Amino acid sequence: MRYIITHPILSNYGGILQAFALQTSLRKIGRSARTIHYIPRFAHSRPGIAGLRSAWRHWAPLLKIIAAPQDTLPQYEQYEFFHATFRRRFMTPWVLDDERCNLAQLAPADSFIVGSDQVWRASYANSLERLPYFFLDFATPEQRSRSIAYAASFGSDTWEGTPEETATCAALLQDFKAVSVREKSGIQLCHDVLGTEAEQMPDPTLLLNAEDYAAVIRKSRTWSPARSCNAVYLLDETKEKQELLAELASHLPQHMQHLTPHCRARRLRDRLPLSVPQWLRCFQEAGCIITDSFHGCVFAIIFNKPFVCLGNAARGTARFDSLLGTFGLQERLLTNPTAEQAAECMRTPIDWERVNATRRSEQQRAFDFLKLNLEEG
């Protein structure tokens, strides 16, 4: 059995969908794998009374939201159960809790695929487990020699690991059969910091087509946006971005449909997170996309929607530079734009024929890499 090592499949739409896309793409080319749904400490409930207390802490804020609008939303990880249905229905995850002794369950594995997502970003990895976990420190050298990294991301153009982590991860990576990274800057980091050669590969979500995601929507219960709208998907909805959206509304005729919960919204629907299929449908039916998310840009490209990306330096711009540079869409990334600049960007037409041709070429490159480095089955 082959396993995919990635971040927990919890509440992040991009994280969930990249895991789904990689698993689905492997099946398409005759390669199978199960995704490790690694449950980190912050989402792990102990049995007994402690478990009941944890469950109450988990549900109480949501019950308050259902009862009436609130001043604040529950913590990010408390939305996880909204996405459990998608995980059960469309994926074949292997659940592994946060006790390292349970890694022994993976001993019979033939090989692993590490990635995608920001698995090699130390600040993210260490909040979940330990950075060397994402370099297969628990596997044997023989298992690592049959394993690959697919579109693994450092999240930025700098390495965040400590000197000790650097030495450990560099040594582990030497055993890998093949290494690929998601951003072009990752090639240089692998060479300069980890002492290995890597090639750049597209995010797994780009390996599927709009029709593949439309099939997910058709198989699920979703609702259609009330009217033609611009989808707004912001991970960091700062005061400045809220002011920009308010101004932008006067420049664009369509309604603004927020894809993240708004705690003071009147309608319960707007206070709760969207399901994964519903999130996809909002992208599918949107007139334009306004986002500061990497995967927000990805799905705008997949569904051929005009979009503007608001620079998100705190989350790393290397990802956006690499993605948009690949498709010749660098002008869609704006930093502190005025409403007029953002509106003009959204009205500027995109040569989708050229973009789609590039995406097909990237898909073929990725499939060739996976076929070459993974045994069938």
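## A tour of helices, cores and loops

Start by selecting α1 and α8: α1 passes α8 in a right-handed crossing (the near helix is turned clockwise from the far one by less than a right angle). Helices here are DSSP runs of H or I with at least four residues, strands are runs of E with at least two, and both are numbered from the N terminus. This is a predicted model, in which local features need pLDDT of at least 70, side-chain atom pairs count only at pLDDT 80 or more, and totals for chains, interfaces and linings use all residues. Residues are numbered from 1 along each chain as its sequence is written, and side-chain values use heavy atoms, with hydrogens and water left out.

**Stop 1: the helix pair.** Two packed helices are described by the angle between their axes and the distance between the axes. For α1 (residues 13–28) and α8 (residues 210–218), the angle is about 110 degrees and the axes are 12 Å apart. That makes α1 roughly perpendicular to α8 (a term for angles of 65 to 115 degrees). Axes are lines fitted to C-alpha atoms, for helices over the stretch in contact, and angles run from 0 to 180 degrees between N-to-C directions.

Now show the side chains. Leu17, Phe20, Ala21 and Lys28 of α1 meet Asp212, Tyr213 and Val216 of α8; contact means heavy atoms within 4.5 Å. By class, this contact has 5 nonpolar, no polar and 2 charged residues.

**Stop 2: the cores.** Select Tyr213. Beyond its neighbours within four places in sequence, Tyr213 is in contact with residues including Leu17, Phe20, Leu280 and Phe299. Tyr213, Trp279, Leu280 and Phe299 have the most contacts inside the largest nonpolar core, which has 45 residues. Such a core is a set of buried Ala, Val, Leu, Ile, Met, Phe, Trp, Tyr and Cys residues joined through side-chain atoms within 4.5 Å. Buried means under 20% relative accessible area and exposed over 50%, with partly exposed in between (1.4 Å probe, protein chains only).

A second, separate core of 37 residues includes Phe112, Phe154, Phe176 and Ala198.

**Stop 3: two loops.** Go to the loop between β4 (111–114) and α4 (122–128), where Ser116 lies. A cis peptide bond joins Gly115 and Ser116, with omega about -5 degrees. Asp117 is in the loop between β4 and α4 too; its phi is positive, about 70 degrees, although it is not a glycine.

Finally, select Asn336, in the loop between β12 (333–334) and α14 (339–347). Phi of Asn336 is also positive, near 50 degrees.

Notes
Parallel < 35°, antiparallel > 145°, perpendicular 65-115°, else oblique. Nonpolar A, V, L, I, M, F, W, Y, C, P; charged D, E, K, R; others polar.
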